[in-house]
Amino acid sequence: MTLRHALFLGTAAAFLPAAALADDAVSTDALYACAETADDAARLACYDAAVGRLQEAEAAGEITTVTREEVEEVQRGTFGFSLPSFSALALPRLGGDDDDDGQIDSIVSPVAKIERNAFDMAVVTLENGQVWRQTEGRMMSIRGVEEAEVLRAALGSFKMKLDGGRAFRVRRVQ
């Protein structure tokens with residue numbers, strides 16, 4: 001993994017007040033600036049100093065690296081909830097597609113169980129622990145279902161397909 005494929009969260013440039021920013025601020029920009037140094041010895045000294053600051057900041061818990069896979073894992077786990085997300089910050093820096101908005105548009109998971117609630121709506125528990133409740137009144141068969149696909153729909157809503165069948169509206173409840 002290259003530095004281009006990592007995100008340094010909590011860097012001084014992003015989270016410290018301007019008065020706290022000094023020449024020794026922890027930043028990947030400082031590391032990249034070393035490449036501009038023409039003299040070999042000075043460039044090596046620059047790299048050593050910048051990497052040393054990054055290592056110290058990481059050891060102190062001030063920064064961390066997050067891979068694209070880790071970002072996507074968090075997105076899959078929180079899919080369906082309206083939570084603040086760092087993916088909008090992370091994925092563009094990780095070299096994603098230009099038309100990629102950094103959001104996962106669907107998830108597919110085996111179904112752990114399906115029940116009907118008091119209103120005769122399906123409540124689907126996925127093997128990943130997510131629980132989704134049907135929000136529209138159309139009856140459907142829930143027997144023998146093995147897999148569910150949850151898709152992002154219009155205006156922040158979601159739809160679910162059971163074993164590739166017709167989509168119906170759902171809302172995540174857990």
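A residue is termed buried under 20% relative accessible area, exposed over 50% and partly exposed in between, as computed with a 1.4 Å probe on protein chains only. The structure described here is a predicted model, in which local features need pLDDT of at least 70 and side-chain atom pairs count only at pLDDT 80 or more, while totals for chains, interfaces and linings use all residues. Residues are numbered from 1 along each chain as its sequence is written, and side-chain values use heavy atoms, with hydrogens and water left out. Helices (H or I, at least four residues) and strands (E, at least two) are DSSP runs numbered from the N terminus.

The sheet is described first. Six strands close into a barrel in the order E3-E4-E5-E8-E7-E6, with antiparallel pairing; two strands are taken to pair if DSSP finds at least two bridges between them. Neighbouring strands of this sheet are turned by 45° against each other on average, with direction ignored; the axes are lines fitted to C-alpha atoms, for helices over the stretch in contact, and angles run from 0 to 180 degrees between N-to-C directions.

Four residues separate E4 and E5 in their hairpin, where Gly129 takes a positive phi near 95°. E5 is in turn paired with E8 through three bridges, also in the antiparallel sense, and Trp132 lies opposite Arg172 of E8.

Strand E4 (residues 122–126) is largely enclosed by the rest of the structure, because five of its five residues are buried. In a regular strand the side chains alternate between the two faces of the sheet. Both faces of E4 are covered, with Ala122, Val124 and Leu126 buried on one side and Val123 and Thr125 buried on the other.

The nonpolar interior was examined next. A nonpolar core is a set of buried Ala, Val, Leu, Ile, Met, Phe, Trp, Tyr and Cys residues joined through side-chain atoms within 4.5 Å. The largest such core has 19 residues, and those with the most contacts inside it are Ile114, Val124, Leu126, Trp132, Val150, Met160 and Leu162. Two or more residues are given to this core by each of E3, E4, strand E6 (147–152), strand E7 (158–162) and strand E8 (168–172). Not counting residues up to four places away in sequence, Ile114 touches Ala122, Val123, Val124, Ile142, Val145 and Leu162, a contact being heavy atoms within 4.5 Å. A second, separate core comprises seven residues, including Val26, Leu31, Ala50 and Leu54.

One disulfide was identified, under the criterion of a pair of cysteine sulfur atoms within 2.5 Å. This bond is formed by Cys34 and Cys46, whose sulfur atoms are 2.0 Å apart. The pair links distant parts of the chain, with Cys34 in the loop between helix H2 (28–33) and helix H3 (40–59) and Cys46 in helix H3, 12 residues apart. The link of Cys34 and Cys46 is left-handed, with -75° about the S-S bond. Cys34 is buried at a relative accessible area of 0%, whereas Cys46 is partly exposed at 25%.

The structure holds three salt bridges, each defined by a side-chain nitrogen of Lys or Arg within 4 Å of a carboxyl oxygen of Asp or Glu. In helix H3, Arg43 and Asp40 lie three residues apart, about one turn of the helix, and their side chains meet in a salt bridge (2.5 Å, N to O). Arg43 is partly exposed, with a relative accessible area of 22%, whereas Asp40 counts as exposed at 53%. A salt bridge also joins the side chains of Glu115 and Lys113 (3.7 Å, N to O); Glu115 is partly exposed at 41% relative accessible area, and Lys113 is partly exposed at 42%. Arg116 forms a salt bridge with Asp120, the closest N and O atoms being 3.6 Å apart. Arg116 is partly exposed, with a relative accessible area of 27%, and Asp120 is partly exposed at 34%.
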